[in-house]
Amino acid sequence: MSRTTTSIQLTAQEKAQILRVFPHGLVAVDLETTGLSPLVDRIIEIAAVKITSQGQEEVFYQLINPMVDLTPENSAIHGLTNEHLKDALTLKRPLKALWDFMGRCPMVAHNALFDVAFLVKGSHDFVIDLPQTRAYDSCRYARALLKDPALTANPPANYRLSTLAEYFNIPLQHHQAMEDTFASMKIMAKLIELTPDNKIADFKERAFTISFTQYTRDAAFIMPVKFEEMRPLLRKQTPIDIQYTGGTQGGEWRPIRPIALIPMPKGPVLYAECLQTNLNKSFVLKRIQAFRVRTEILPPVNIGEVDVELAELED
């Protein structure tokens with residue numbers, strides 16, 4: 001099947017469920033990228049599906065030339081190669097077109113913070129105005145709803161897109177942007193269908209991730225020079241020790257596995273697995289006083305299979 005199409009279909013009932021919560025319409029977005037870090041990596045595929053306020057369905061799709069070579073490990077995840085991308089447009093024009101396509105509709109994505117961060121970073125690099133809208137997360141909605149024993153007797157094993165697609169009997173060719181964006185929209189519709197009327201407003205707010213208007217400072221995208229040596233460590237997710245000001249351990253060295261550098265409105269954060277607790281946490285980059293490489297070797301995290309929860313910010 002072509003990457004520009006999908007076998008996943010949105011029913012009239014599912015579109016009605018979306019408009020039950022988002023009466024002005026909703027746009028689901030998914031990206032494939034060269035890695036997990038918006039401050040280091042680049043977008044290579046964009047797909048979006050819009051449900052308009054009239055219940056009509058519109059789609060957007062574009063391959064992107066990242067102007068860097070893909071690694072074999074990266075290509076193995078999403079199936080795209082340098083040959084696929086060599087004649088594609090670079091990011092500027094497609095990104096403008098995506099924002100025009102979205103208009104003022106809110107956006108939804110699975111683990112939306114990653115998609116938002118990549119799109120915001122690209123907009124910053126090309127001086128493109130951001131949409132005046134909000135982003136919601138189908139992963140957050142699923143975690144809030146399906147973990148509630150009063151609402152769900154048999155929750156899924158986890159809240160990854162592929163797991164939820166199987167949970168809701170949605171056929172999915174994962175890591176193809178068009179497939180994933182339709183899956184995210186369909187999952188959102190099914191979650192809304194399971195939500196009691198008196199809980200809709202609460203779960204919608206719990207799914208809220210960020211407003212694009214919160215990104216107003218260049219500092220969100222600037223990585224201090226002292227962290228330049230961290231770039232190759234991020235790509236390989238090489239375990240490191242960090243000295244962190246604040247948090248639960250003061251200035252003591254703590255072992256982590258870096259996963260992603262994410263631009264946030266108040267400055268970049270390092271998203272990482274804490275090797276002491278095996279929990280994923282976000283560390284404010286400017287509070288990391290020093291870091292050093294560890295010798296421990298761990299398996300990498302698959303792109304698109306990371307659950308992000310900003311409540312885990314170490315401050």
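Predicted model: local features only at pLDDT ≥ 70, side-chain atom pairs only at ≥ 80, totals over all residues.

Trainee: How many salt bridges does the structure hold?

Mentor: It holds 15. A salt bridge here is a side-chain nitrogen of Lys or Arg within 4 Å of a carboxyl oxygen of Asp or Glu.

Trainee: What does Lys-190 form a salt bridge with?

Mentor: Its partner is Glu-14, with the closest N and O atoms 3.4 Å apart. That pair links distant parts of the chain, 176 residues apart: Lys-190 sits in helix 8 (residues 177–194) and Glu-14 in helix 1 (residues 12–21). Helices (H or I, at least four residues) and strands (E, at least two) are DSSP runs, numbered from the N terminus.

Trainee: And are Lys-190 and Glu-14 buried or exposed?

Mentor: Both are buried. The cut-offs are under 20% relative accessible area for buried, over 50% for exposed, and partly exposed in between (1.4 Å probe, protein chains only). Glu-14 and Lys-190 also belong to a salt-bridge network with Lys-186.

Trainee: How do helix 1 and helix 8 cross, then?

Mentor: Their axes come within 8 Å and cross at roughly 70°. Axes are lines fitted to C-alpha atoms, for helices over the stretch in contact, and angles run from 0 to 180 degrees between N-to-C directions. Helix 1 and helix 8 are therefore roughly perpendicular to each other; that label covers 65 to 115 degrees, with under 35 roughly parallel, over 145 roughly antiparallel and the rest oblique.

Trainee: Which residues meet there?

Mentor: Among them are Gln-13, Glu-14 and Ile-18 in helix 1, and Met-185, Lys-186 and Lys-190 in helix 8. Contact means heavy atoms within 4.5 Å.

Trainee: Back to salt bridges. Where does Asp-241 come in?

Mentor: Asp-241 pairs with Arg-294, at 2.8 Å from N to O. Asp-241 is in strand 7 (residues 240–244) and Arg-294 is in the loop between strand 11 (288–293) and strand 12 (313–314), 53 residues apart. Asp-241 is buried at 7% relative accessibility, whereas Arg-294 is partly exposed at 29%.

Trainee: What about Arg-206 and Asp-202?

Mentor: They make a salt bridge too, 3.4 Å from N to O. They are four residues apart in helix 9 (residues 200–207), so about one helical turn separates them.

Trainee: New topic: how many residues of helix 6 are buried?

Mentor: Nine of the nine residues of helix 6 (residues 138–146) are buried, so helix 6 is largely enclosed by the rest of the structure. What covers them includes strand 4 (107–109), helix 7 and helix 9.

Trainee: Last one: what's the phi of Met-67?

Mentor: Phi of Met-67 is near 65°, a positive value in a residue other than glycine. Most residues other than glycine have a negative phi. Met-67 lies in the loop between strand 3 (57–63) and helix 2 (72–78), and is exposed at 58% relative accessible area. Asn-169 also has a positive phi, about 60°, and is exposed at 70%.

Methods
Residues numbered from 1 in each chain as written. Heavy atoms only, no water.
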